[in-house]
Amino acid sequence: SVLDSTHPDAVQEMKDQYDPKETLYIVSTKSGGTVETISFMKSFYNYVLTEVGISNVGEHFTAITDPGSGLESMAKDLNFRKIFINDPNIGGRYSALSLFGIVPAALIGIDIRSLFAEVEKTISHSKEEENTIAQLGVAMGVLAEEGIDKLTYIISDKLKPIGAWVEQLIAESTGKEGKGILPIENEEILTPTEYSKDRVFVYLHLENDDKYLDQINLLKDNDFPVFEIVVNDVIELGAEFFRWELATAIASWVIDIQPFDQPNVESAKIIARKMMSDYLENGKLNELDPALTEDQIKVYGDINCENVAGTLPEYLQSVVEDKSYVSIQAYVKMDEETDEVLQALRTKIQKKYKVATTVGFGPRFLHSTGQLHKGDSGNGLFIQILSKGKTDVDIPDEAGKEESSITFGVLVESQALGDRQALLDNSRKVIRYDISKNIKEDLLKISAQI
């Protein structure tokens, strides 16, 4: 299992789901200081400590990090079972085929020799005169320069999880200096007339899977550009990691940006850290003044509306066909029901406005699409949705110590406030909804007039 949500309900659920006596916890951060990861580590370390005792707790933890990082030092002090030191020259989002990706893969039984054999084949092909990866990267860049910059993935069901990975890779690499290629994954496949002409499609499928073939042929017939990539076996996903890393670097070269930095990610982190510092000093976070309150829903933003149901249509009036995209940023617990209702909202917007849409769970997306949101050409419209947890979970000040000055609930709220401010500082349009714990019911109210 992967825990990449600091929402307190998600943290507590993961604690409840697995017996700590039988569980290995892999703490993985390149810098060794990522606030979410280190907060998880301290919280789970203390939890396991109470169950197995001080002499055994370290056996349940493994670290993957860069040499000399804060995590390496902590892992030594806490007697972690194993510390994997990665090559520091590999960027975080380019590290799927390094220890960051391969250690967990090996532990769940992936045949990594076969995986790397497929990677080697693709590397060999990339050195040939007919270099399809280079062609893909150049095409992505040239299309983006022509305004066809919404790279929309249609993926075989068995391969679908790669969508979230490639979303981070492309968004964080290309979205800066007023430029960007927007990757779109898990969007509902519509008819050609329901898309704007800013779309290019990637059809990534297993060899004998033609589930989406009819929709793809319709898109081709209506002159949408389509990249088709055929995978013979799931083990070839290793080669896809290499393909998209190289293609993304080449596309970045075409549009003349540096693919290996993430300046706007840092700006949001700085604001969030300041808010947490203020919380530690004053005992509370800065409160926003709502523009509208109805039942348990509060709306924040530049709106002039008398009811919640009318706020989203008013906000989305500024959508520009062939340019805009809508990003739904959900600081809520990730689960199947919530994802379903968010996807339904996304599809309603997609159909009504013929606009590209994304859904990101916060604060996870801050480390992926968050860079593009603030660094690209500024055509995004952002919908923040926050729901407080049914519980809250303390973050220990130090692993192994009981003292706690902050909770995961405060961390999530400060990151949402920080990202909102970073978006506004970069002249982005944001509307925020604070909703109750009845997430489905409240989202239906918000989307009633879409």
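Residues are called buried when their relative accessible area is under 20%, exposed when it is over 50%, and partly exposed in between (1.4 Å probe, protein chains only). The model is predicted: local features need pLDDT of at least 70, side-chain atom pairs count only at pLDDT 80 or more, and totals for chains, interfaces and linings use all residues. Residues are numbered from 1 along each chain as its sequence is written, and side-chain values use heavy atoms, with hydrogens and water left out.

Salt bridges were examined. The criterion was a side-chain nitrogen of Lys or Arg within 4 Å of a carboxyl oxygen of Asp or Glu. By this rule there are 26 salt bridges. Lys-333 pairs with Asp-335, with closest N and O atoms 3.6 Å apart. Asp-335 is partly exposed, at 30% relative accessible area. Lys-333 is buried, at 14%. Arg-432 and Glu-413 also form a salt bridge, at 3.0 Å from N to O. Arg-432 lies in strand S15 and Glu-413 in helix H14, so this pair ties together parts 19 residues apart in sequence. Both Arg-432 and Glu-413 are buried. Elsewhere, salt bridges with shared partners join Glu-13, Lys-333 and Asp-335 into one network.

Helices (H or I, at least four residues) and strands (E, at least two) are DSSP runs, numbered from the N terminus. Within helix H5 (residues 112-126), Lys-121 and Glu-118 are 3 residues apart, about one helical turn. An α-helix has 3.6 residues a turn, so residues three or four places apart point the same way. Lys-121 and Glu-118 form a salt bridge, and their closest N and O atoms are 3.3 Å apart. Lys-121 is partly exposed, with 46% relative accessibility. Glu-118 is buried, with a relative accessible area of 17%.

A cavity is a set of points where a 1.4 Å probe fits but cannot get out; a pocket is an open set with protein on both sides within 12 Å along at least five of seven lines. Lining residues have an atom within 4 Å of a point. Grid points are joined across faces, edges and corners, and a volume is the space filled by probe spheres set on the points.

The second largest pocket holds about 640 Å³ of space. Its lining has 29 residues, and Leu-386, Lys-388, Glu-413, Arg-432 and Asp-434 lie nearest its centre. Elements giving two or more residues to this lining are S9, S12, helix H14 (408-425) and S15. H14 supplies the largest share, 5 residues.

A search of the whole structure finds 1 cavity of 30 Å³ or more. The largest cavity has a volume of about 80 Å³. Its lining includes Asp-149, Lys-150, Gly-180, Ile-181, Leu-182, Lys-323 and Tyr-325. Leu-372, Asp-376, Ser-377, Gly-378 and Asn-379 also line this cavity.

Helix H11 (residues 308-315) is mostly covered, with 7 of its 8 residues buried. The buried residues are Val-308, Ala-309, Gly-310, Thr-311, Leu-312, Pro-313 and Tyr-315. Their packing partners are strands S8 (292-294), S9 (297-300), S12 (380-387) and S15 (429-435), together with helices H12 (336-353) and H15 (439-446). Contact here means heavy atoms within 4.5 Å.A nonpolar surface patch is formed by Leu-24, Ile-26, Leu-107, Ile-108 and Ile-110, with about 450 Å² of accessible area together. Patches are made of residues with over 30% relative accessible area and no salt bridge; like charges are joined within 9 Å, and nonpolar side chains (Val, Leu, Ile, Met, Phe, Trp, Tyr) within 5 Å. Accessible areas come from the Shrake-Rupley method with a 1.4 Å probe; for residues, only the protein chains shown count as cover. Ile-26 sits in strand S1 (residues 25-28). Ile-26 is partly exposed, at 32% relative accessible area.

Backbone geometry was also examined. The peptide bond from Gly-362 to Pro-363 is cis, with omega near 0°. Pro-363 is in the loop between strand S11 (356-361) and helix H13 (369-375). Asp-223 is not a glycine, yet has a positive phi of about 70°. Asp-223 lies in the loop between helix H8 (213-221) and strand S7 (226-231). Asp-223 is exposed, with a relative accessible area of 66%. Ser-427, also not a glycine, has a positive phi of about 60°. The loop between H14 and S15 holds Ser-427. Ser-427 is exposed, at 66% relative accessible area.
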